[in-house]
Amino acid sequence: MTLPDRHRIAPRFAGACALGVVLAMSIQTGAAARSGLSDRPPLPAMGPSLRKAVAFATGEQPGTIIIRKNEKALYLVTRQGQALRYQISVGRDGFGWTGIVKVGAKTEWPQWRPPREMRARQPELPELVPSGPYNPLGARALYLLRDGRDTLYRIHGTNDPSGVGFDGTSGCFRLTNTDVIDLFKRVPIGTKVVVQ
């Protein structure tokens with residue numbers, strides 16, 4: 001995966017993208033209705049919100065993200081003794097990691113470029129999956145950096161809402177699209193992320 005440009009998608013481009021998806025869906029729906037067949041799967045659901053406000057004791061400052069892999073939970077500290085808890089998927093055996101990183105970039109409807117190492121393990125993966133509703137990174141991605149360098153790990157959404165709550169990623173942290181959109185709005189670039 002490559003780190004996106006420092007300038008984010010302008011709202012007009014995001015709107016144009018959304019309009020393009022709607023138009024494409026209308027054309028696809030009409031064609032499928034005429035032919036009785038569709039060569040694409042139905043558009044995925046955004047998924048439920050698995051977020052809730054909880055009591056949370058920590059010495060970290062409000063605005064910090066704390067990921068507890070063994071709980072499959074991401075906590076956004078909102079104030080002393082309180083946090084928002086999001087259910088997540090975490091890295092499967094051999095792909096877990098810990099440490100302190102920062103949110104270095106944020107992207108709406110990100111593209112996905114599987115890293116070389118992932119493509120070596122799974123040669124059937126494409127070089128690039130364009131942004132949109134079928135992209136495995138889902139609706140939003142937060143890019144995690146350590147000492148200013150891209151870790152290749154992300155906090156991202158998913159177009160498969162049933163894919164949240166277990167050990168199954170290659171080290172990224174996966175939320176439902178509904179929850180990653182909510183987190184994306186709350187978290188600025190530079191946010192501290194503590195992975196435990």
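This briefing describes the fold, sheet pairing, aromatic contacts and selected residues of one protein. The structure is a predicted model. The protein contains 3 helices and 11 strands, and along the sequence these follow the pattern α-β-β-β-β-β-β-α-β-β-β-β-α-β. Of its 196 residues, 39% count as buried.

**Overall properties**

- Among contacts between residues at least 6 apart in sequence, 64% join residues at least 24 apart.
- The protein exposes about 10700 Å², of which carbon and sulfur atoms supply 55%.

**The sheet**

- An open sheet of mixed pairing is formed by 9 strands, in the order β1-β4-β3-β2-β11-β6-β7-β8-β10.
- The edges of this sheet are β1 and β10 (173-174); each has a single partner strand, so one side of each is left without a neighbour in the sheet.
- Strands of a sheet pair through backbone hydrogen bonds, in either the parallel or the antiparallel sense.
- A parallel pairing joins β2 to β11 (residues 192-195) over 3 bridges, with isoleucine 65 opposite valine 193 in β11.

**Aromatic pairs and charges over rings**

- A search of the whole structure finds 3 aromatic pairs.
- One of them is the stacked pair of phenylalanine 56 and tyrosine 75, at 4.2 Å centre to centre and with 15° between the planes.
- This pair links distant parts of the chain, 19 residues apart: phenylalanine 56 lies in the loop between β1 and β2, and tyrosine 75 in strand β3.
- Both phenylalanine 56 and tyrosine 75 are buried.
- Tryptophan 97 and phenylalanine 173 form a tilted pair, because their ring centres are 5.6 Å apart and their planes stand at 50°.
- Tryptophan 97 and phenylalanine 173 are both buried, and ring pairs link Trp97, Tyr153 and Phe173 into a cluster.
- Arginine 68 lies over the face of tyrosine 75, at 5.6 Å from the ring centre.
- Arginine 140 lies over the face of phenylalanine 184, at 5.5 Å from the ring centre.

**Helix α3 and aspartate 182**

- Helix α3 is largely enclosed by the rest of the structure, because 7 of its 10 residues are buried.
- The buried residues of α3 are Asn177, Asp179, Val180, Ile181, Asp182, Leu183 and Phe184.
- Aspartate 182 is found in this helix, which spans residues 177-186.
- Aspartate 182 has a relative accessibility of 13% and therefore counts as buried.
- The side chains of aspartate 182 and arginine 51 are joined by a polar contact of 3.5 Å.
- Apart from neighbours within four places in sequence, aspartate 182 is in contact with Arg51 and Tyr86.

**Threonine 58**

- Threonine 58 is located in the loop between β1 (51-55) and β2 (65-68).
- Its relative accessible area of 18% is the reason why threonine 58 counts as buried, the cut-off being under 20%.
- A polar atom of the threonine 58 side chain lies 3.1 Å from the backbone nitrogen of glutamate 60.
- Beyond neighbours within four places in sequence, threonine 58 is in contact with Ile66, Val77 and Gln80.

**Glycine 132**

- Glycine 132 is placed in the loop between α2 (116-121) and β7 (140-146).
- With 6% relative accessibility, glycine 132 counts as buried.
- Residues up to four places away in sequence aside, glycine 132 touches Trp109 and Asn159.
- The C-alpha atoms of glycine 132 and glutamate 108 are separated by 9.4 Å, and the two residues are 24 residues apart along the chain.

Technical notes:
Residues numbered from 1 in each chain as written. Predicted model: local features only at pLDDT ≥ 70, side-chain atom pairs only at ≥ 80, totals over all residues. Heavy atoms only, no water. Helix = DSSP H or I, 4+ residues; strand = E, 2+ residues; numbered from the N terminus. Buried < 20%, exposed > 50% of the residue type's maximum accessible area, 1.4 Å probe, protein only. Contact = heavy atoms within 4.5 Å. Polar contact = N/O pair within 3.5 Å; in protein donor to acceptor, adjacent residues only side chain to side chain. Pairing = 2+ DSSP bridges. Areas by Shrake-Rupley, 256 points an atom, 1.4 Å probe, with all protein chains shown as cover. Phe/Tyr/Trp six-rings, centres within 6.5 Å; stacked < 30°, edge-to-face > 60°. Lys NZ or Arg CZ within 6 Å of the ring centre and 35° of its normal.
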